[in-house]
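Here is a short tour of one protein model. Keep the sequence and the 3D view open as you read.

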Amino acid sequence: MSLLFINPFVEDFTAYNLWAVPLGLFRLMEHFEKKGEVVEFVDLLDGSDVGGDGATAPEFRSWGRHSYWKRRIDKPVELKFVPRNFNRFGASDDQAREILSKVNKPEKIFVSSGMTYWYKSTVRTIKIVRDVFPDVEIVVGGIAATLIPEFFRMEGVKVHEGIYPVGEDITGTGSKYLNDLRFFPANIVKGCPNRCSYCASSIFDESIKIKDIQALSQNLEKWHGVTNFVDVAFYDDALLLNKGLYLKDFLNTLTPGKFRFHTPNGLHLKEVDEELCRYFADYNFPQLRFGFETAFSRFDDKTNFVELTKVVEMLHKYGFNHEMIGVYLLCGLPGQTVEEVEKTIELVAGIGARPYLSEYSPVPGTQLFKKHLAESRLDFENEPLYQNNSASSFRSPVFTPNVMKGLKEKLNEVYHL
């Protein structure tokens with residue numbers, strides 16, 4: 001069969017490529033290609049043929065990060081109250097049609113989906129695909145399709161709930177599709193042992209599997225040989241599992257200092273010891289990011305402030321300064337107080353780390369979803385657009401827009417002391 005795989009454009013207040021690629025889609029493509037199918041890929045978000053026609057061009061920063069092609073569009077009526085500009089990131093409708101019209105007619109089309117609050121972007125992409133290929137079966141899968149399948153079924157789209165086909169174990173790396181990237185997306189540990197009440201990791205991966213470390217290393221070296229780029233971003237939810245055993249196994253296959261490693265997903269503090277700190281220093285991790293929530297009421301059992309302090313002290317010994325130790329603080333969780341977030345900002349900055357405020361986004365299927373719904377000023381269950389973290393302060397009865405403005409001002413004030 002000839003199969004077409006599509007990464008949709010995105011409509012949101014903001015979107016930025018912090019080492020993001022449709023890695024699951026790449027693995028699926030690799031899987032079908034190995035089975036003898038003819039595979040073609042169209043990236044309507046970040047493809048090389050996306051852009052122009054009056055859109056703002058992307059800006060490329062260090063370490064492989066960049067913005068997307070962007071054009072301002074009207075806000076959905078549901079989000080009119082948010083005082084920010086709304087944008088289409090990636091291809092315009094006309095451009096999407098033009099790109100798709102150049103593709104040989106496939107026998108089946110797979111469309112990926114990202115955040116739940118991007119579902120209308122995916123639906124819009126599917127409508128354009130139907131215009132170009134009206135009689136071809138379309139299947140939507142991925143994150144949003146798994147978490148809110150009913151919103152796609154209402155559009156008459158066939159939904160695959162889950163990342164991969166039923167009964168299939170897709171263990172490939174998707175490496176053959178990575179040579180156009182400025183960074184290498186790496187994944188060692190599939191799944192997470194923690195069951196945090198705000199996280200959907202266990203919905204996608206009920207058990208933990210360790211990927212083929214040797215194959216990953218070989219593919220990284222091949223990619224580097226073709227591109228000469230050195231940035232590697234980990235996609236793991238539990239990269240440091242077992243005191244970083246599998247990460248260390250992977251790094252031991254590489255030359256120290258040859259690559260530069262990034263951890264956009266929050267690392268688990270309780271796994272960090274002196275040996276791991278030495279690996280972080282030797283193998284060039286320029287900025288670590290740790291998940292923490294706050295120092296007080298908690299919705300996980302991953303760590304506490306005493307452990308955070310010990311980890312920061314160890315990292316200081318190995319040459320990491322406050323700019324290199326990022327700590328994600330979640331705010332807007334049900335039951336949280338403003339005072340505890342304010343105090344945690346002070347505490348984190350006071351021990352020599354950099355606090356980052358992350359506004360809570362409710363995820364369907366998680367324990368906190370219904371709890372937050374009960375207090376929310378917006379019905380985000382029936383309208384996923386309201387799950388956007390940009391709407392967080394309009395949902396929460398506590399962390400209102402004025403409160404969030406004050407917290408961000410305090411963050412800047414404390415951090416720049």
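Helices and strands are DSSP runs, a helix having at least four residues and a strand at least two, and they are numbered from the N terminus. The model is predicted.

## Pro-193 in its loop

With those terms in hand, start with one residue. Pro-193 sits in the loop between strand S12 (189–190) and helix H6 (201–204). Is Pro-193 buried, exposed or partly exposed? Its relative accessibility is 42%. Buried means under 20%, and exposed means over 50%. Pro-193 therefore counts as partly exposed.

Leaving out residues up to four places away in sequence, Pro-193 touches Ile-208, Ala-238 and Leu-241. Gly-332 lies 139 residues from Pro-193 along the chain, and their C-alpha atoms are 24 Å apart.

## Helix H7 and its two sides

Helix H7 runs over residues 213–227 and has 15 residues. From first C-alpha to last, H7 reaches 21 Å, close to the 21 Å expected at 1.5 Å a residue.

Which residues of H7 are buried? They are Ile-213, Leu-216, Ser-217, Asn-219, Leu-220, Trp-223, His-224 and Thr-227. These residues cover an arc of only 165 degrees around the axis, so they lie on the same side of H7. An α-helix has 3.6 residues a turn, so residues three or four places apart point the same way.

The other side of H7 holds exposed residues: Lys-222, Gly-225 and Val-226. What do the buried residues of H7 pack against? Their partners are strand S11 (183–186), strand S13 (209–210), strand S14 (231–234) and helix H8 (241–251).

## The cavity

A search of the whole structure turns up 1 cavity of 30 Å³ or more. The largest cavity holds about 50 Å³ of space. Its lining includes Phe-234, Ala-238, Thr-263 and His-268. Ala-238 is also one of the residues that Pro-193 touches.

Which element gives the largest share of the lining? H3 does, with 6 residues. By type, the lining of the second largest pocket divides into 10 nonpolar, 1 polar and 7 charged residues.

Key
Residues numbered from 1 in each chain as written. Predicted model: local features only at pLDDT ≥ 70, side-chain atom pairs only at ≥ 80, totals over all residues. Heavy atoms only, no water. 1 Å grid on protein atoms, 1.4 Å probe; cavity = no way out; pocket = protein on both sides within 12 Å on 5 of 7 lines; lining within 4 Å. Points joined across faces, edges and corners; volume = space filled by probe spheres on them. Expected span 1.5 Å × (residues − 1). Buried < 20%, exposed > 50% of the residue type's maximum accessible area, 1.4 Å probe, protein only. Arc of directions from axis to C-beta. Contact = heavy atoms within 4.5 Å. Nonpolar A, V, L, I, M, F, W, Y, C, P; charged D, E, K, R; others polar.
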